[in-house]
Amino acid sequence: MDMNKRIARWNEEAAGCTCGSRHHEVRMQICMESGALHKIAPYVVSQGYKQASVVYDDNTGNAAGRKVAGLLLNAGVTVNEVLLEANKAGDVIADEAFIVKLLLGVSNNSEAVLAVGSGTVHDLVRFVCFKMNIPFLSVPTAASVDGFTSAGAPLIIGGVKQTFQATAPDAIFADLEVLSRAPQVLTAAGFGDMLGKFTSLADWKVSRDLGQEPFCPLAYLMTEEALESCITHISDIAEGSETGVSILMEALIVSGISMLMIDHSRPASGGEHHISHRLEMDFIEQGRPAILHGAKVGVASALLTDIYRGLYEKETEPAFEAYKQLPQREQMQDWLRVTGGPATLADLDVTESAFQIALATAHTLRPRYTGLTYRNERVSPEMR
Ligand SMILES: [Zn+2]
Ligand SMILES: [Zn+2]
């Protein structure tokens, strides 16, 4: 079914959901097809925008950014191109320095900003657009993360990763030709971000039962179905074909929309994400090149399944029934490997001791009750 029709149906279902959470109506145009880049200029013109900024980095400018700028120019739109050049470590990161670069680059006359690239380019643009009070349009260049459609911007401020209020895109243009040409490690990272839903969904039940946190069965089901579709079609995703990236991108968008709907990341982000955030902060502090978000999440989720199953086996807490059905670590790592992504700590170049520190401290990063919170606060160290 067409994504826009699916969104309309979820909005209807959300209106009738009795979970007690407030459900936000999702209004986002989604264009996902081969050649979607050519739909951007007509959309921009139809919205009456005469001036637009196009933001990209060294890689995504070649992948799509310059082409998008050219198509807009041809349609009579005044275009201001903003190239975000990599820092000394070779990365674009969502930190203070890049926020200022973007603020300086986006022309004050822009009526819309197009984020062409990765999740990081999107997080910078969504934050700056929120502050400038102008709409932004999403043009992902790889199916690498579920954050494209997010309203929150995870930013690294003073070395600490925190999520700030920002804005969701008005429209997303996911060109399957562009996505299928992306390096396979990026597609594998998107798959890793989806694989992490095994532990995030299980953690959500634990948050509900042990932390009395809000739980929405509709958002849970949306995310669960998106995850299942990735597992069912893993060989297409592993090929990085247009079919594969379209299945993966759809799952990533659905995951993003489930978060938008309930205005919280609970369905998509549990202990595995908290560990990933902790590792990311360590890398930045050490001046090491960043690891892809989904790569860290996938490996962390695989390792957590053992720990979480251990909680189910050793603790008498009924909430841990949620961990009983988690796939085995080896199975999770096989899936990661098949798609061409890292599967172990060694693959990520993260030491066992760095991981143990992340494991023991990550629960303090977010005010959320997960299996990690229980493990670190309720289980004695020698029993962990
Ligand atoms: Zn994620
Ligand atoms: Zn609900």
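User: Which residues touch the most other members in the largest nonpolar core?
Analyst: In this predicted model, Met-249 and Ile-275 do, in a core of 80 residues.

User: And which helix gives the largest share of this core?
Analyst: Helix 11, residues 242–262, with 12 residues.

User: What does Ile-275 touch?
Analyst: Leaving out residues up to four places away in sequence, Ile-275 touches Ala-300, Leu-304, Phe-355, Ala-358, Leu-359, Ala-362 and Leu-372.

User: What other core lies apart from it?
Analyst: Another core has 25 residues, including Ala-36, Ala-64, Val-116 and Val-178.

User: Now the metal. What are the protein donors of the zinc ion?
Analyst: Ligand 1, the zinc ion, has Asp-193 (OD), His-273 (NE2) and His-293 (NE2) as protein donors, lying 2.1 Å from it.

User: How are the donor residues spaced in sequence?
Analyst: The pattern is D-x79-H-x19-H.

User: Is His-273 buried or exposed?
Analyst: His-273 has a relative accessible area of 5%. Buried means under 20%, so His-273 counts as buried.

User: What separates the C-alpha atoms of Ala-354 and Leu-279?
Analyst: A distance of 7.8 Å, with the two residues 75 apart along the chain.

Terms used
Residues numbered from 1 in each chain as written. Chains lettered and ligands numbered in written order. Predicted model: local features only at pLDDT ≥ 70, side-chain atom pairs only at ≥ 80, totals over all residues. Heavy atoms only, no water. Core = buried A, V, L, I, M, F, W, Y, C linked by side-chain atoms within 4.5 Å. Buried < 20%, exposed > 50% of the residue type's maximum accessible area, 1.4 Å probe, protein only. Helix = DSSP H or I, 4+ residues; strand = E, 2+ residues; numbered from the N terminus. Contact = heavy atoms within 4.5 Å. Donors = N, O, S within 2.8 Å, 3.2 Å for Na, K, Ca; no water.
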